[in-house]
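Here is a friendly walk through a structure, written for someone who likes to know the cut-offs behind each term. Take a look at the sequence and the fold, and then read on.

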2 protein chains.
Amino acid sequence: MLSMRPPSTTLSRPLIWPRRGRLGGAAAPQYVSAAAPAPALEPAAPPESVSFPILVNGCTGNMGLSVAEAAALRGLHLVPVSFSSREKVEKTIQVGQTDIQIYGPSKREDVVSSIADEFPDVIVVDYTGPNSVNSNAELYCKLGLPFVMGTTGGNKHLLYKSVQDSKNYALISPQMGKQVVAFVAAMKIMAEQFPGAFSGYHLEVLESHQAGKLDTSGTAKDVIACFEKLGVSYDMNRMVKIRDPEQQLEMVGVPEEHIQGHAFHLYHLTSPDDSVSFEFQHNVCGRSIYAEGTIDAAMFLHRKVQSKDSKRIYNMDDVLREETCHKAY
Amino acid sequence: MLSMRPPSTTLSRPLIWPRRGRLGGAAAPQYVSAAAPAPALEPAAPPESVSFPILVNGCTGNMGLSVAEAAALRGLHLVPVSFSSREKVEKTIQVGQTDIQIYGPSKREDVVSSIADEFPDVIVVDYTGPNSVNSNAELYCKLGLPFVMGTTGGNKHLLYKSVQDSKNYALISPQMGKQVVAFVAAMKIMAEQFPGAFSGYHLEVLESHQAGKLDTSGTAKDVIACFEKLGVSYDMNRMVKIRDPEQQLEMVGVPEEHIQGHAFHLYHLTSPDDSVSFEFQHNVCGRSIYAEGTIDAAMFLHRKVQSKDSKRIYNMDDVLREETCHKAY
């Protein structure tokens, strides 16, 4: 059995560096339980001053549903239909004040065509399934519907080609958490500027996600690619992927309420002589960071469409850069 | 008493994420004690093909001595004199095969003048004391001796002005650990590219150094400045500075043999709703990373002097960039 938890006899060893949760600082020393942070609060973002129709496809999935809920909370006009990548799911789900009718793939062209007529300034968000990525993107492009693609998988090259050929607007990103995107961008820049700077360093990577996630974290792969450029050798088979809820609770310290939806990543680098170590972690509980990022992406794309921007394909770096350039000081 | 160690009753709480030390990976799960990594090995760098005379001032201090030892190991020609920032230290210390005569400040001008005559291609390295930074730099500049300034403190503006006015060559860096420099550079770039991206995040910083270090970590200050630009509010008084050896052993996990020389840093960021956290650590045991970086800096500066480069003042980013651009792929 895969187990990285030290034997129970070693638990008398002290806890190294305080972990998750806020510390009181020197003036008010305080230790907050690592495994039980304060429950995540609903983000209290005020309704946006700009509103537009938003169609969220994949509302039957956790991620799509979270995005639809965030859209409603932020005052966007939720289009009352959505399609699923699975047939035979016809039903209605309620999000905020809106009853959303769910359709299977066979009806999507009719449904989306009527949406395009009724809501000419709609932004589509796609969180369906890997098998639908390319066919959905082609449909959006055919109908000229700008879309945010949050679904991972499919043929990436074909996805970009569909958008380019149609001159449609799209924002494509497998990672919608803006701060995670900023972190990965920083790692990429470090790798570009200082290739080989960590030559000879030893890398260990651990990632923990809800048991339903079968594939390896794409973000971990992106970060590892940076470390490889920095001179670190790494065999992807060595990555420790934790999917067992018990291990997540006891070893990783995932709060119990987020066992079904979390993304924890740890990268540990050690110098060849073991005298120096670096560690990077990005730990996400729940889906609010992604849902909020997706709404930000949709709003960004809406602005680009309205201003008829000459650039047509965007990613989250563009969103971050535009949002943050106003905050520069 | 400042204590961040959780009460002993909480030690039955599991260890969160494996810490320092290498893990065996999924195929060979293994837990290595956090507090007792393999002892640091002497770096096995081969003697350099290029050699030149190197004068290390401040050899009576731990850092200066480490640099002199690294210089000898890497085949550089150690000039057999050194001066200390303290008077009344006349003595001889042996480094490798070289007996180094130590002089107090009052004799430094005579000593350095004769060195300049005898070793025209010498590179000076300075690890004296904060009070000597400016007067030493002025002396090196007056005599046209290229120098690497590893000593922190003094008047930074005046230091740069001395070099500029004299057109001397100098490499000035308060941080000589190349990988730490790369990490800080990445944080700076992230802050420049995405100012405000972590707006509302809560920051906790802990740093642990040997008890003899009285001031706050300059590297921590640099990294915090980046987080502030990223939108995080931080009161420097909240930084947890650990100087007590017992806490370092039990709470921070510093190996016992490095209590007298280590630099551990931890930055923990939490999103406003507590659902997302980031953590960055850079932990250095001993001084070998700095000593090796200083020798790399001296070799870099020697090349610049030999090639009569038009640029005269450098930092460790320049060293890293030049070294790593050859490794780019």
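Predicted model: local features only at pLDDT ≥ 70, side-chain atom pairs only at ≥ 80, totals over all residues.

In strand 11 of chain A, A:Phe264 is the bridge partner of A:Ser208. That bridge belongs to a set of 8 that join strand 9 of chain A to strand 11 (residues 262-270) of chain A, and the two strands run antiparallel. Strand 9 of chain A also has 3 bridges to strand 10 (residues 240-242) of chain A, this time running parallel; here A:Glu207 has A:Lys241 in strand 10 of chain A as its bridge partner.

Residues are numbered from 1 along each chain as its sequence is written, chains are lettered from A and ligands numbered from 1 in the order in which they are written, and side-chain values use heavy atoms, with hydrogens and water left out. Helices (H or I, at least four residues) and strands (E, at least two) are DSSP runs numbered from the N terminus, and two strands pair if DSSP finds at least two bridges between them.

**Strand 9 and the chain as a whole**

Is strand 9 (residues 202-209) of chain A mostly covered or mostly open? Mostly covered: 8 of its 8 residues are buried, where buried means under 20% relative accessible area, exposed over 50% and partly exposed in between (1.4 Å probe, protein chains only). On one side lie A:His202, A:Glu204, A:Leu206 and A:Ser208, on the other A:Leu203, A:Val205, A:Glu207 and A:His209, and all are buried.

Chain A has 9 helices and 13 strands. Of its 329 residues, 57% count as buried. Contact means heavy atoms within 4.5 Å; among contacts in chain A between residues at least 6 apart in sequence, 64% join residues at least 24 apart. The UniProt record, an unreviewed entry, places the feature "domain: Dihydrodipicolinate reductase C-terminal" at residues 180-320 of chain A; UniProt positions are given in the numbering used here, feature names are shortened, and annotations may be inferred rather than shown by experiment. The end C-alpha atoms of that span lie 11 Å apart, and the span is 41% helix and 23% strand.

**Two open sheets**

Strands of a sheet pair through backbone hydrogen bonds, either parallel or antiparallel. In chain A, 6 strands form an open sheet with parallel pairing, in the order 2-1-6-7-8-13. Its edge strands are strand 2 (77-78) and strand 13 (313-314) of chain A, each pairing on one side only. Strand 13 of chain A pairs with strand 8 of chain A in the parallel sense over 2 bridges, and A:Tyr314 is the bridge partner of A:Leu171.

| Helix | Strands touched | Angle |
|---|---|---|
| Helix 1 (residues 62-73) of chain A | strand 1 (53-57), strand 2 and strand 6 (123-126) of chain A | about 165 degrees with strand 1 of chain A |
| Helix 4 of chain A | strand 7 (147-149), strand 8 and strand 13 of chain A | about 165 degrees with strand 8 of chain A |

Another open sheet, of 3 strands in the order 3-5-4 (chain A), has mixed pairing. Strand 3 (81-83) and strand 4 (91-95) of chain A are its edge strands, and the twist averages 35 degrees from one strand to the next. Strand 4 of chain A pairs with strand 5 (residues 98-103) of chain A in the antiparallel sense over 5 bridges, with A:Thr98 as the bridge partner of A:Val95.

**A buried loop residue and its aromatic neighbours**

Where is A:Asn168 found? A:Asn168 sits in the loop between helix 4 (156-166) and strand 8 (170-172) of chain A, and is buried, with a relative accessible area of 4%. Leaving aside neighbours within four places in sequence, A:Asn168 has contacts that include A:Tyr140, A:Phe147 and A:Arg312.

Rings of Phe, Tyr and Trp (its six-membered ring) pair if their centres lie within 6.5 Å; planes under 30 degrees apart count as stacked, over 60 as edge-to-face and the rest as tilted. By this rule there are 23 aromatic pairs over all chains. A:Tyr140 and A:Phe147 form a tilted pair, 5.2 Å centre to centre with 45 degrees between the planes, and both A:Tyr140 and A:Phe147 are buried.

Terms used: Axes fitted to C-alpha atoms, helices over the stretch in contact; angles between N-to-C directions.
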